[in-house]
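Good morning, and thank you for the time.

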Amino acid sequence: MKIHEYQAAALFAQYGIPVSEGMPAFTPEEAEQAARSLGEGPYVIKAQIHSGGRGKAGGVKMAQTPADAAARARELLGMRLTTKQTGPQGKIVRRLLVVRAMRIERELYFSMTVDGASGQTVMIASAAGGMEIEQLAEQAPEKIFRAQIDPALGLMDYQTRNMAAKLGLTDEKEKQFMHLAAGAYRLFTEKDCSLVEINPLAVTAEGKLVAADAKVNFDDNALFRHADVASLRDVEEEDPRETEASRYDLNYVQLDGDIGCMVNGAGLAMATMDIIQAFGGKPANFLDVGGSATAEKVAGAFSLLLSGKNVKGIFINIFGGIMKCDVIAQGVVEAARKMAVNVPLVMRLEGTNAEAGRRLLHASGLNIVSADDMADGARKICALARIQNNGEEAHE
């Protein structure tokens with residue numbers, strides 16, 4: 001789960017990480033009042049969307065006076081910002097952050113995230129702050145410094161001292177960095193974060209280290225432990241289908257293909273997407289219903305697949321272990337009877353109660369194509385989706 005910069009900054013402050021003086025605003029009038037409350041300008045007015053690269057897209061503006069802040073807010077609110085992370089559809093600006101401008105001498109990069117290879121938290125820093133870290137990693141990987149954090153020991157002082165030295169921070173700035181890193185690590189572990197990022201980490205003209213930007217992402221699977229974090233969620237920033245999927249506790253990711261997939265198990269879902277690609281198709285989503293789905297959950301998943309405007313066919317690929325194939329079949333039948341299914345549907349059932357599931361499908365009278373195995377199902381749905389596409393093109 002992602003949150004806005006102003007929400008992340010509030011969390012930073014709770015954990016002793018210095019942040020820019022700022023206030024959120026939802027209207028031009030609130031932006032003007034926020035600027036007045038902050039004192040003398042200049043100010044920076046920042047669009048709040050779940051994306052980096054806002055400045056390059058025109059989502060960050062300077063203001064000299066409170067009235068100027070209101071004018072810049074009018075320009076930003078309602079604007080559609082398009083960045084590398086939003087995709088071509090962009091995102092509408094509905095919230096702002098008004099901060100006092102700082103005199104910055106240096107910009108650093110700092111983050112903590114999970115290293116998938118080691119299963120440990122990793123602290124990442126660079127003296128080349130302000131740049132997109134992915135671009136920096138590609139163009140100048142030697143400028144990125146990493147330190148693995150043993151979960152049994154936690155973040156050690158020597159690790160932060162070494163990192164401060166690599167960043168060229170000495171004396172008082174080293175102490176500030178150690179305090180900031182310790183706070184970031186406590187936030188990361190206590191709130192079950194997947195990312196804590198400061199870019200840029202500013203070294204001000206007064207010699208202070210300040211988080212000039214704040215980004216925090218959380219592990220969705222741990223939100224049940226953090227009601228305070230879950231309350232920060234902004235569903236307007238999310239894909240509506242992914243939000244709907246969370247209601248049914250489904251693992252769903254929207255993709256740009258035209259073949260909807262419903263699978264039980266993440267590994268099988270990945271293999272299903274691969275084999276669809278191998279037969280010339282493109283998956284429209286990743287959808288794992290898990291190993292203990294109910295008929296209601298399956299019906300919810302099915303409605304998600306049908307809601308995709310680009311979906312030209314659906315492949316349901318179930319290997320029943322804990323999951324019972326007849327439960328999946330019953331959910332599909334119930335959903336198909338309630339909704340207009342106007343695209344081809346191929347279903348492969350194997351494992352626990354597979355034969356009972358096939359009987360349910362056959363008795364339903366629905367137009368569902370049965371597949372002998374995964375390859376057979378992928379071949380059939382790719383062929384049927386092409387026919388569907390060609391028919392629609394001919395009709396147009």
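A definition is needed at the outset: the helices I shall name are DSSP runs of at least four residues, of type H or I, and they are numbered from the N terminus. Please also keep in mind that this is a predicted model.

With that numbering, Glu5 belongs to helix H1, which covers residues 5-14. Is Glu5 buried or exposed? Its relative accessibility is 8%, and because buried means under 20%, Glu5 counts as buried. Leaving aside residues up to four places away in sequence, Glu5 touches Lys46, Gln48, Arg54, Leu97, Ala212, Asp213 and Ala214.

With a relative accessible area of 27%, Lys215 is partly exposed. Where sequence neighbours up to four places away are not counted, Lys215 touches Ala8, Phe12, Gln85, Leu195, Val196 and Glu197. The C-alpha atoms of Lys215 and Ala9 are separated by 7.9 Å, although these two residues are 206 residues apart along the chain.

The protein has 13 helices and 18 strands. Its C-alpha trace spans about 75 × 50 × 40 Å along the principal axes. Of the 396 residues in the protein, 48% are buried. The accessible surface comes to about 18,800 Å², and carbon and sulfur atoms hold 51% of that surface. As for the contacts with a separation of 6 or more, 67% of them are accounted for by residues 24 or more positions apart.

H2 passes H3 in a right-handed crossing. On the H2 side, the meeting residues are Pro28, Glu29, Ala31, Glu32, Ala35 and Arg36, and on the H3 side they are Pro66, Ala67, Ala69, Ala70, Ala73 and Arg74. By class, the contact of H2 with H3 divides into 8 nonpolar and 4 charged residues, with no polar ones.

The next pair is H5, residues 157-166, with H6, residues 171-190. Here the packing angle is about 130 degrees, with the axes 9 Å apart. That angle makes H5 oblique to H6. The crossing in which H5 passes H6 is right-handed. H5 contributes Asp157, Thr160, Arg161, Met163 and Ala164 to the contact, while H6 contributes Glu174, Phe177, Met178 and Ala181. These residues divide into 5 nonpolar, 1 polar and 3 charged.

The remaining pair is H11, residues 325-338, with H12, residues 354-364. How are H11 and H12 oriented to each other? They pack at an angle of about 20 degrees, with their axes 7 Å apart. Angles under 35 degrees count as roughly parallel, and H11 and H12 are therefore roughly parallel to each other. Their crossing is right-handed. From H11, Cys325, Asp326, Ala329, Gln330, Val333 and Arg337 meet Ala354, Ala356, Gly357, Leu360, Leu361 and Ser364 from H12. The contact of H11 with H12 divides into 7 nonpolar, 3 polar and 2 charged residues.

My last topic is backbone geometry, which I ask the group to inspect on the display.

Which peptide bonds are cis? One of them runs from Gly41 to Pro42, with omega near 10 degrees. Pro42 lies in the loop between H2 and strand S2, residues 43-47. Another cis bond runs from Asn199 to Pro200, with omega near 10 degrees. Pro200 is placed in strand S10, residues 193-204.

Asp192 is not a glycine, yet it has a positive phi of about 55 degrees. Asp192 is located in the loop between H6 and S10. Asn353, likewise not a glycine, has a positive phi of about 60 degrees. The loop that holds Asn353 lies between strand S17, residues 345-351, and H12. Asn353 has 34% relative accessibility and so counts as partly exposed.

That concludes the presentation, and I welcome discussion.

Terms used: Residues numbered from 1 in each chain as written. Predicted model: local features only at pLDDT ≥ 70, side-chain atom pairs only at ≥ 80, totals over all residues. Heavy atoms only, no water. Axes fitted to C-alpha atoms, helices over the stretch in contact; angles between N-to-C directions. Helix = DSSP H or I, 4+ residues; strand = E, 2+ residues; numbered from the N terminus. Parallel < 35°, antiparallel > 145°, perpendicular 65-115°, else oblique. Left-handed = near helix turned anticlockwise from the far one by under 90°. Contact = heavy atoms within 4.5 Å. Nonpolar A, V, L, I, M, F, W, Y, C, P; charged D, E, K, R; others polar. Buried < 20%, exposed > 50% of the residue type's maximum accessible area, 1.4 Å probe, protein only. Areas by Shrake-Rupley, 256 points an atom, 1.4 Å probe, with all protein chains shown as cover.
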